Amino acid sequence: SAAFHNGITKIYAKSGSKVTVIKVQSFNNSSNHFDAILALVNDNAQVNVISIDLGGKNSITSNHTYLLGENASSFADTVYFGDGKRYIDMNYVTSHRGRRVNGNILVKGVLMDECKKLFRGTIDFKKGASRSKGKEEEYCMLLSPKGKSHAVPLLLCDEDDVEGEHAASAGRIDEDKLFYLMSRGFNEIEAKKIFIEASFAPI
C-alpha cells in the first residue's frame, strides 16, 4: 500500500564527540518519502551521515550541516538507486563557520528506466572559517537513455584562506570496460552489476 513518510533527524555533536548515523530507505513505488537531516558540529567533533536511498515514488531529502567549532568535520555519503518513473531530489548544504573545519559530500547513484534525479550541493564558507576545506562530488551512472540526471554544485565563499572543490558527472558505463568483463565470461547484467557495486563500494 502507499505510504507517506515525513521525518527529521537532528544531530548535536558536542566538543570532541564522533557521531555516525546510517539511514536506509526502501519504500515501494507507491510511497512518498520526505526526510531532512540537521547537524550542528562543535569543536573537534565529527559527524558521519550515510544515506542509502533505494525506493519510493518520490524521494525528497535534505542534509544541512553547520560546522560551528574549530577543527569540526563532517562526511555526508549517499548511495541512490532509481528505476521506473521515480523522482529523486537531494539538497545538501555544508556551512563552514569555525576555523580549520572540513566538510565533505560524496553522492553516487544509478538511474534506470525513466527515473529523474536532481542533486543540489552547496559548500558555504562563512566569514571566520579561515583555513577550512570543503569538497563535494556527485557521480551518476545512467543505464537507460530515458533517465535524467541534473546536478547543481555550488561553492560560496566569504573568507580568504580556504580550499573548496566540486565535481559532478553523469554517463553510461564505458563500453570497452563492459566488453572486457563480458569477454571474461560475465553476461551483460552481471558485468553491469559489478560496475555498480564497484561504484558504491567506497560508501
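In what order do the six strands of the open sheet stand? In this predicted model, the order is E2-E4-E6-E8-E10-E12, and the pairing is parallel.

- From one strand to the next, the twist averages 5°.
- Strands of a sheet pair through backbone hydrogen bonds, in either a parallel or an antiparallel manner.

**Pairings within the sheet**
- E2 and E4 run parallel and are joined by eight bridges, and in this part of the sheet Val21 stands opposite Val49 in E4.
- E4 and E6 also run parallel, with eight bridges joining them, and here Asp53 is placed opposite Tyr80 in E6.
- Strand E4, which spans residues 46–53, is mostly covered, since six of its eight residues are buried.
- Strand E8 (residues 102–111) pairs with strand E10 (residues 132–142) in the parallel sense over 10 bridges, and Lys108 stands opposite Tyr139 in E10.
- Helix H2 (residues 188–200) packs on the sheet, where it touches strand E6 (73–82), E8 and E10, and the direction of the helix makes about 165° with that of E8.

**Nonpolar cores**
- The largest nonpolar core has 14 residues, of which Tyr80, Met90, Ile105 and Leu111 touch the most other members.
- Two or more residues of this core come from each of E6, strand E7 (87–96), E8, strand E9 (116–125) and E10.
- When residues up to four places away in sequence are not counted, Met90 touches Thr61, Thr78, Tyr80, Val107, Lys117, Leu118, Phe119 and Arg120.
- Another core, of 12 residues, lies apart from the largest one, and its members include Val21, Ala45, Val49 and Ala72.

- The side chain of Asp124 makes a polar contact, at 3.1 Å, with the side chain of Lys126.
- Leaving aside neighbours within four places in sequence, Asp124 is in contact with Thr94, Ser95, His96 and Leu156.

Definitions and conventions. Residues numbered from 1 in each chain as written. Predicted model: local features only at pLDDT ≥ 70, side-chain atom pairs only at ≥ 80, totals over all residues. Heavy atoms only, no water. Pairing = 2+ DSSP bridges. Helix = DSSP H or I, 4+ residues; strand = E, 2+ residues; numbered from the N terminus. Axes fitted to C-alpha atoms, helices over the stretch in contact; angles between N-to-C directions. Contact = heavy atoms within 4.5 Å. Buried < 20%, exposed > 50% of the residue type's maximum accessible area, 1.4 Å probe, protein only. Core = buried A, V, L, I, M, F, W, Y, C linked by side-chain atoms within 4.5 Å. Polar contact = N/O pair within 3.5 Å; in protein donor to acceptor, adjacent residues only side chain to side chain.
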